[in-house]
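I opened this notebook page to record what I looked up in the structure, beginning with the chain as a whole and then turning to a sheet and a single side chain.

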Amino acid sequence: MRPAAVSVFCAVASIMMSIMLSRTVGRVVAEMNCRSYPTFSSVCRTFATSSPTWGEATDRVVTYSQLKTMLSNRTVQLYDVRNPDEYQDGRIADAVNVPLDTLQESLQLAPELFQEKFKVKAPGKNDDNIVFHCRSGKRSAKALDIALQLGFSRARHYEGGYSEWAEKEGK
């Protein structure tokens, strides 16, 4: 390859990588070793054949049926991040109301203070059963981001939210 072509290729590859927001980018970077000058098709193949792993967006979402099972098995720490008035108007059983605007502060409380305030055991940073939900999934996605930034690395959110729950439960 000529140096000009290499520069263009690197620029295009750089743009592609900045667009992608997953672990797959790391695989492409590894493949794009400047000494080997990979082909465009090999880069595309890396994106197309990569499978998601723990920690990527698909692992962060809990479905209605998964949540239903977790609730029936009592294996979930479910946090409703809606406002208290929304929570009072209708809620998923066993969900603890921690409004989004107080979530960061609440997750940073000492365990005994968290338990005193919310009447449940404080979540642990390595717990894999932490699930946030809201009305439609937008606030719970923000809650998930906050939790991840605070080190709750295995937290998830119920994307369907209370709207989907109420519809499927006939409420």
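What share of the contacts in the chain with a separation of 6 or more comes from residues 24 or more positions apart? I was working with a predicted model, and there I found that such residues account for 58% of those contacts.

Entry on the whole chain. I noted nine helices and five strands, and, reading from the N terminus, I wrote down the order of elements as α-α-α-β-α-β-α-β-α-α-β-α-β-α. Of the 171 residues in the chain, 39% are buried. I also looked up the accessible surface, which comes to about 10200 Å², with 54% of it belonging to carbon and sulfur atoms.

Entry on the sheet. I traced five strands forming an open sheet with parallel pairing, in the order E1-E5-E4-E2-E3. Strands E1 (61-62) and E3 (96-97) stand at the edges with a single partner strand each, so one side of each has no neighbour in the sheet. I then looked at strand E4 (residues 130-133) and strand E5 (residues 156-158), which pair in the parallel sense over two bridges, and I saw that Phe132 stands opposite His157 in E5.

Entry on Lys68. I located Lys68 in helix H4 (residues 64-72) and counted Lys68 as partly exposed because its relative accessibility is 36%, between the cut-offs of 20% and 50%. Leaving out residues up to four places away in sequence, I found that Lys68 touches Trp165 and Glu169. The C-alpha atoms of Lys68 and Trp165 are separated by 9.3 Å, although these residues lie 97 residues apart along the chain, while a polar contact of 2.9 Å joins the side chains of Lys68 and Glu169.

Definitions and conventions:
Residues numbered from 1 in each chain as written. Predicted model: local features only at pLDDT ≥ 70, side-chain atom pairs only at ≥ 80, totals over all residues. Heavy atoms only, no water. Helix = DSSP H or I, 4+ residues; strand = E, 2+ residues; numbered from the N terminus. Buried < 20%, exposed > 50% of the residue type's maximum accessible area, 1.4 Å probe, protein only. Contact = heavy atoms within 4.5 Å. Polar contact = N/O pair within 3.5 Å; in protein donor to acceptor, adjacent residues only side chain to side chain. Pairing = 2+ DSSP bridges. Areas by Shrake-Rupley, 256 points an atom, 1.4 Å probe, with all protein chains shown as cover.
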